Amino acid sequence: MNTINTLIIDGLSFALPLFIMAIGGIYSERSGVTNLAIEGLQGFGAFVGALAATLLSGFFAASSQVPMFLAMLFAMLGGMVYSMLHAVLCVKFKADQVISGVVINILAMALTTFLTSQLNASVFGAPSNKFVLGTSVRFSVPGLSSIPVVGAFFSNIYPFELVIIAAALIAWYFLYKTPFGMHLRACGDNPHAVDAAGVEVGRVRFAAVMVSGALSGLGGICFAYSISAQFSPSIYMGYGYLAIAALIFGNWQIGPTLWACLIFGFARSAGFALTQALGLAAAFSDLFMTLPYIITLLLLIFFSKSNRAPRALGEIYDKGKR
Amino acid sequence: MKRQNWFLTLMGDSKRQKFTIPILAILLSLLAGAVVYLILGKNPITAYLSYLQGSGLVPKGNYAAKKSMLTDLMSLLNAWTPMLFASLSVAVAMRSGLFNIGVSGQMMIAGLIATATVGYSSLPAPVAKPLVVLISALVGAAVAALIGFLKYKWNINEVVSAIMINYMVRYFVSFCIKRYMADPVSRQSRAISSAARLSLMDTEIGGLKMDIPLGIILAVIAVFLVRFLFDRMELGFEFRTIGANPLAARYAGINVGRNLIVTMALSGVLAGLAGATYFLGYYGSIQPDTLIATGFDAIAVSILGNSSPIGILLSSFLITVIDKGSTYMSSTVGVRQEIGSLITGLILLFAACGAFFSYLIARSRQKAADAEAKTAGKEERV
Amino acid sequence: MANDEYIVEMRHITKRFPGIVANNDISLGIKKGEIFALLGENGAGKSTLMSMLFGMYEPDEGEIYIRGKREHISSPNHATRLNIGMVHQHFKLVSNYTIAENIILGIEPRRLAGIFPVVDIKGTNEKVAALSRQYGLEVNPAAKIEDVNVSTQQRVEILKMLYREAEILIFDEPTAVLTPQEIDFLLQIIRGLRDQGKTIILITHKLEEIKQVADRCAILNRGKLIDVLDVAATSTQTMANLMVGREVDFTVDKSPARPGGEILKVEHLTVKNADGFPVVKDVSFTIHAGEIFAIAGVSGNGQTEIADAVAGMIPAAEGSITLDGTDITRSSVRARTDLGLSYIPEDRQSVGLVLDFSLADNLALKTYYKPPFSEKGILNHAAFDSYGEKLIQEYDVRSGQGIHTVTRSMSGGNQQKAIIAREIERDSKLMIFVQPTRGLDIGAIENIHRQILAERDKGRAVLLISLELDEIMGLADTIGVIFSGEILKIAPADTMTTNEVGQYMMGVKQA
């Protein structure tokens, strides 16, 4: 019973940050810009958020949760600003989008590692390669949390999970219900049609990449506040790449992508739970950690036939070309 | 009214831009790096010189006992070898239109299996060393070919499957090391036997103690083999055709599916050798809980080198110099060595803008030509 | 100081592109409520001129007046505000959106769902339905673009203009993709629009259409305005001569066919698309040596899939294909090529050529693996060069730097010449031509038609697939008409009229 609860609680707290990063990826890719940069965007966003939290925490009581929410805000801003680099490269400079993504990731890692060490040394006077954040507090919804099994979905919730759910709903609304979303999705199918309709393709794609930066940053800082309890180079665990796999698996749609993320989350927590339940050495958790990836690959074998990437994905839009 | 723009002249036509644009990217990033040094209050020239000193290209002021410029240079070559192999691996795939982002995973699994099978055995060096090379090449080929097969058979995007396999390998390697191979002190895998090691460590020559990388010979041979493959071989022509236009390749009667797997296998061989020269040459041990960055850096190095073998020879050397030299730079200049990766990152960033640079050049040429045509046209009408 | 008579006036318009002057000092005026045609060959500068009116380019020199007022039309948006609309040759539609969504794209009406403003799809559907009834352009607003046929897509483009209240409507080659019957319907719609007070500009290279609907006609040649004519008072032959700049001979010199033995035999062929949906259904036909077998049909009815299946590019789900007595149903592309099959594909740039390769490499694309090009897996670059030199001489392929030219930089006509040279030179028993003259000018078209006939006369079997009915009627010995994946009729060319073929193309006349 208890194992199942942990499984659900841990699974959710992993799946949701992944989900919000994947939604960011959906925004970018549905607009036609391949985004392999999520890994770098989430790291850079988390860096900015963690830096803000470290700088501002002095103004609040030690137990205050305000710095965490400020960190989320700054992580989104940081991710957004950094994503503009990808947008400029892909939209304005017409660079190869895959290459740009890889380079952005490498640069993010180099930049944040350097800045973290440099700032720790020069501003905080402590040579260290991380900002310690601590984990966020959790809460349970009274009443609901005591229902068997289902209650686990309402127990030990990180506050950021609510933020993510709210952000996901807003993202869904904008993508599917508003003119902006309509333009965005059209850009990924036939940018010429969008241009002919008098909407600037470059601007829509630029905005889409920025949204993806903001949401990736949010995902990154949530990981920093849950799994690692700090910002350090270990934030680059490849979750950004996992988010890409999730959105491809989810056929570039928000709903199905949620399922993909939940599968990841639960497979991951199931791995940990199994190690404990079977009383195996800690090293075995590494073996079980391969499970989410193996499952994804197997699922992809079954689903990739029916999946359709946006038609204009990765296509550089050149106005002059007819 | 003919005013030649010196910059445009210097950048040359599209053929010359293959060289001039990467050089421009490097200069721009060194410039940007210099600005960072200035902000930190350091002299960028001293800093850049210390990179060269640290990598044994320029003599240092003084050396410890049994050390010299040559020892530093050997150590540089030792680090260069895996980077060169890995970048070639990326390039072979890239020229054929495939994106091998799984080089890191292929390196690690090749290194792990070679270590487990040969590294702890008591085989004599003449048997052990070739066996290490062979096993890593085969393992790398098998894993990469699997990625090609998944794409061929089920149309699974090679980027996604390679990433999945990267992480499977990462966790699997961690498990194997922690469970079976861990050194209680370092927590990495136990050091391999010197017979199996592809670098001759701490060898005394002429009063100097140095690490002699044997792999670099193989790597340089590989550069010329890859060049021969793409320039002169039928198979290379088919790879290039698929890379440039897979539809036309099918139309020309090329078996795209088979070639896909063959390309990936070849790329995997090179990745496997990168793994062998990294884990059983340069380091002699494997670290758990991390996916090495070489495979990702190699993508960018390969782009900087225009995916051409000779270009990669140069670009991978440069990146290794920055990487290797940053330790010495840090100790002499007093800036954290992470700035090395930052400069590397900037070089790669500017290299990625290559298409934009050539677009800018083409556009300003066009503007100049248009202006000329316009004046000529007007004169005609008058 | 504009002329009040004209709703659109263009004065001394000049537009240059790298290497060419697309429009050279063109001046013309268009009256309100007329159908004004722009006639010219491919590359004469018609589309460029109208793209400037629609704000896609700005002229290098010259002025544009709309309703007597000088305008700098900077974008399609600006043109729309001036009530100018354009139906492009390649439709600009979002394939996974509904018809209504496509029509409102860029000017979406909103409604409130609770407190959230959302795009009003339901209201749009009603509005679009009303609009389509008003102009006789029946469409289902909720249908997705990818599920409707080409002529419906064209209606959507027209509705898009009308929804934006366009008064000046530009049609760029609107009939290129339609059957004769659909063309008649479209021309009727265009006349109807004029009668409701709209001004129509029709870009075309088809003389009959101009004769049928246009009031006046401007003729362009190589970027220059040749003349503006009153259509009713001018003969088709005069217009044709002015358009080409020389005397045009419409008749193809064709000797009677002397068919030999069976070369290609296709029996009960069924081909399925990626979704497993049959796009070619139980098709059977035979082509003899020295015979041109042409498949007529509206674009997207399965004709290119037949060519691809015969060439081995896509698998046959059912049925058999026999080439000169050998069953090739399951053979690889390479095996078919070696057996004697040449294929000039529909899409010369993305299938027929590797645009980033040199001309020499492209000319050897189907033979590179044989001696002398390759021996024991090692390439002989000298053989590539000498073979290339020989072909560009014989077939008059022109390019900037000879065989070392990057193919991307060559003109469309010369790219096609290169493909045809490569395919003819291989001496195959079966030649497949798919849309061999698409987008080429009249000189190049005549040349390719002569080559196709010469191949037939050399005793080769020719499979010709074309959307140009004139081309089929002029060249074919036998015609098969395809509709919705089925061949409805196969008959000797001289027993069918253009109109009959058109009927079958619509699937109307079941035999």
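The structure is a predicted model, and every value below was computed from it. Chain A contains 12 helices and 2 strands, whereas chain C contains 17 helices and 24 strands. Chain B touches chain A through a contact that takes 38 residues from chain A and 37 residues from chain B, and it touches chain C through a contact that takes 23 residues from chain C and 18 residues from chain B.

**Chain A as a whole**

- The C-alpha trace of chain A spans about 65 × 50 × 35 Å along its principal axes.
- Of the 322 residues in chain A, 57% are buried.
- If one takes the contacts in chain A between residues at least 6 apart in sequence, 76% of them join residues at least 24 apart.

**Helix 2 and helix 4 of chain A**

- Helix 2 of chain A, which covers residues 38-56, has an axis that comes within 8 Å of the axis of helix 4 of chain A, and the two axes cross at roughly 20 degrees.
- Because angles under 35 degrees count as roughly parallel, this crossing makes helix 2 of chain A roughly parallel to helix 4 of chain A.
- The crossing of these two helices of chain A is left-handed.
- On the side of helix 2 of chain A, the residues that meet helix 4 are Glu39(A), Gly40(A), Gly43(A), Phe44(A) and Phe47(A), while their partners in helix 4 of chain A include Ile104(A), Leu107(A), Met109(A) and Thr116(A).
- Sorted by class, the residues of this contact between helix 2 and helix 4 of chain A divide into 6 nonpolar, 5 polar and 1 charged.

**Where chain A touches chain B**

- The contact between these chains draws 38 residues from chain A and 37 residues from chain B.
- Four helices of chain A, namely helix 4 (97-122), helix 9 (239-249), helix 11 (283-289) and helix 12 (291-303), each supply at least two residues of the side that touches chain B.
- Helix 4 of chain A gives the largest share of that side, with 14 residues.
- The side of chain A that touches chain B has 26 nonpolar, 8 polar and 4 charged residues.

**Chain C as a whole**

- Alongside its 17 helices and 24 strands, chain C has a radius of gyration of 25 Å, which is close to the 24 Å that the globule rule gives for 511 residues, so chain C is as compact as a globular protein of that length.
- The C-alpha trace of chain C spans about 70 × 50 × 50 Å along its principal axes.
- Of the 511 residues of chain C, 47% count as buried.
- Among the contacts in chain C with a separation of 6 or more, 65% are between residues 24 or more positions apart.

**Helix 9 of chain C**

- Helix 9 of chain C (residues 303-311) is largely enclosed by the rest of the structure, because 9 of its 9 residues are buried.
- The buried residues of this helix include Gln303(C), Glu305(C), Ile306(C), Asp308(C) and Val310(C).
- Just after helix 9 of chain C, Gly312(C) takes a positive phi of about 90 degrees.

**Local backbone features in the loops of chain C**

- Glu173(C), although it is not a glycine, has a positive phi of about 45 degrees, and it is found in the loop between strand 9 (168-172) and helix 6 (180-195) of chain C.
- Glu173(C) counts as partly exposed because it has 19 C-beta neighbours inside 10 Å.
- Asp396(C), which is not a glycine, has a positive phi of about 55 degrees, and its place is in the loop between helix 13 (381-394) and helix 14 (412-425) of chain C.
- Asp396(C) has 11 C-beta neighbours inside 10 Å and therefore counts as exposed.
- The peptide bond from Pro371(C) to Pro372(C) is cis, with omega near 5 degrees, and Pro372(C) lies in the loop between helix 12 (359-363) and strand 19 (374-375) of chain C.

**Where chain C touches chain B**

- This contact takes 23 residues from chain C and 18 residues from chain B.
- Helix 10 (333-340), helix 11 (348-352) and strand 20 (378-379) of chain C are the elements that give two or more residues to the side that touches chain B.
- The side of chain C that touches chain B has 13 nonpolar, 6 polar and 4 charged residues.

Note on methods. Residues numbered from 1 in each chain as written. Chains lettered and ligands numbered in written order. Predicted model: local features only at pLDDT ≥ 70, side-chain atom pairs only at ≥ 80, totals over all residues. Contact = placed C-beta atoms within 7 Å. Nonpolar A, V, L, I, M, F, W, Y, C, P; charged D, E, K, R; others polar. Buried ≥ 20, exposed ≤ 12 C-beta atoms within 10 Å, placed from the backbone. Axes fitted to C-alpha atoms, helices over the stretch in contact; angles between N-to-C directions. Parallel < 35°, antiparallel > 145°, perpendicular 65-115°, else oblique. Left-handed = near helix turned anticlockwise from the far one by under 90°. Rg over C-alpha atoms; globule rule 2.2 N^0.38 Å.
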